[in-house]
Amino acid sequence: MKSVFLSLIALLVMSSCSRTTAEFARIVYLTDDRATISMRCTATGDNREKAAQAARREAIKTLLFRGVAGSQQSRPLIEGTEDAALQQHPQYFQQLFEQQHYERFVTQSVVVVPFARNNGEQGKTITLDVRIHLEALRKDLESNGIVRRFGL
Amino acid sequence: MKVFPLLLALLFGGVGTISAQTPQPEVPTAATTTVQPKIMVIPYVKAGEDLRTILENDVNKRIVLTKIREAFDSRGFTTVDFVARLKALSQSDAMKSDSQTDLKSMLVASSGADLYVEAEMDVLLTASGNAVKVLLTGYDTSSGASLSNKVGESGKFYTDDMGKLASKAVEQCATDFLNTMQAKFTDIVDNGRTIVVDFSLDEASTLTFASEIGTQGLPLSDEIMLWIESQAHKGNYHVQGTTDRQMIFDEVRVPLKDPKTGANYNVQKFGLEVFKFMRSLGLSIERNTKANTLYIKIK
């Protein structure tokens, strides 16, 4: 009985520990036009699919909170800090990131470097060329009251 | 056996799990619609060029203006039509001026535009290809403050289609230009709109700005300055200069909305407050406004 009890406790403790790779992402600007922007995104993940999702998610986050250097969207779409935005609009960002609504704005996602361990990087990474429909993303932010429409 | 209920309770009790926070309902912002600024896109006029005919003679300049206005349209913002305003102005005697600077100022002032965007186009013809550069500058009509500045380049191509190159040059910088302008709009929303307040004395008035006035016996200029300081949004103002006969505040920040009523606040309402203040000093005034400039003549 005691051994069964201890085994169950051990099983419980082990199941609550998840094996995750330390997060890493890098975004590089490629091209843009009036409505879309393309970026080369590198990200880590436990598997190919999670790494690809992380890359696309990081591309969206870069546009939202940091801006993309060298592009027409060098300023972030959302002014202020990421933490402040997440606190102010928790429902919207929960849907956007955790429920993966960001995928709606990804018009193209092409694997450039397959999921593998690459020199100098932590864990296994994948590199994608991602095209984001920037205009649609901006309009979504405006219609949900996350950002102000152009003007005062 | 008594242990099993405890284990079940631990398993389903959420040990090692993150409890989801119930998202707070987001409170919708309400209230009065903010009056948007009027923006006009105008061509840059070089020496020897005539503002009246500059667009008639060059389709590529028309393409540049149209592409810029298209960029504003894509953001849901309507601009004032330059050609229509120019035609309206040509009906008046004011168009007899030969000075292009006067003409441009008259055009911008008569249009009622709060902001204007000046677009300059430069064509580069070389043996290794042709290119077009576009310089976009956005100004506040009243204060002359620069709101956004961008240079767009088409890149070199072996083509004679300057319209296409001009279009490419505008597309290369329009989004960034509008984003910079939007950042300035955010500054206006947060820190107030800039107006210019020009105090002058009527010719028949015996007062000067050094005259001691009011219950504290302070010079008129100091009374005005202290009052402006108390009224300016977040105490933000700047004095351009003071003489015996004139006192100019080239930047006074006023809120977008009246803090008491939530209604749109504008230069006319600020003028009303100036009127009440002057009356409290026992002075009568004449008020005029042009765009975001308030002219106060003290009698």
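Modeller: The structure holds four cavities of 30 Å³ or more. This is a predicted model, where local features need pLDDT of at least 70, side-chain atom pairs count only at pLDDT 80 or more, and totals for chains, interfaces and linings use all residues. Residues are numbered from 1 along each chain as its sequence is written, chains are lettered from A and ligands numbered from 1 in the order in which they are written, and side-chain values use heavy atoms, with hydrogens and water left out.

Colleague: What makes a space a cavity?

Modeller: On a 1 Å grid over the protein atoms alone, a cavity is a set of points where a 1.4 Å probe fits but cannot get out. The largest cavity has about 90 Å³ of space, a volume being the space filled by probe spheres set on the points, which are joined across faces, edges and corners.

Colleague: Which residues line the largest cavity?

Modeller: Lining residues have an atom within 4 Å of a point. Among them are A:Arg34, A:Glu135, A:Arg138, B:Ala71 and B:Ser74. α5(B) gives the most, with three residues.

Colleague: How do you know that the span of helix α2 of chain B agrees with its number of residues?

Modeller: Helices are DSSP runs (H or I, at least four residues), numbered from the N terminus. The expected span is 1.5 Å times one less than the number of residues. Helix α2 of chain B has 16 residues (59–74), so it should span 22 Å, and its end C-alpha atoms are 22 Å apart, which agrees. At its start, a side-chain oxygen of B:Asp58 reaches to within 2.9 Å of the backbone nitrogen of B:Asn60. α2(B) is followed by B:Gly76, whose phi is positive, near 75°.

Colleague: Why is A:His89 called buried?

Modeller: Buried means under 20% relative accessible area, with exposed over 50% and partly exposed in between (1.4 Å probe, protein chains only). A:His89 has 11%, so A:His89 is buried. A:His89 lies in the loop between α3 (82–88) and α4 (90–98) of chain A.

Colleague: What makes β1(B) and β2(B) a pair?

Modeller: Strands are DSSP runs (E, at least two residues), and two strands pair if DSSP finds at least two bridges between them. Five bridges join β1(B) to β2(B), which run parallel, so by that definition they pair. B:Pro43 stands opposite B:Ala119 in β2(B).

Colleague: Which way do the residues of β1(B) point?

Modeller: B:Ile39, B:Val41 and B:Pro43 point one way, B:Met40 and B:Ile42 the other way, and all are buried. In a regular strand the side chains alternate between the two faces of the sheet.

How values were computed:
A polar contact is a pair of N or O atoms within 3.5 Å; within protein, one must be able to donate a hydrogen and the other to accept it, and residues adjacent in sequence count only if both atoms are side-chain atoms. On a 1 Å grid over the protein atoms alone, a cavity is a set of points where a 1.4 Å probe fits but cannot get out, and a pocket is an open set with protein on both sides within 12 Å along at least five of seven lines; lining residues have an atom within 4 Å of a point.
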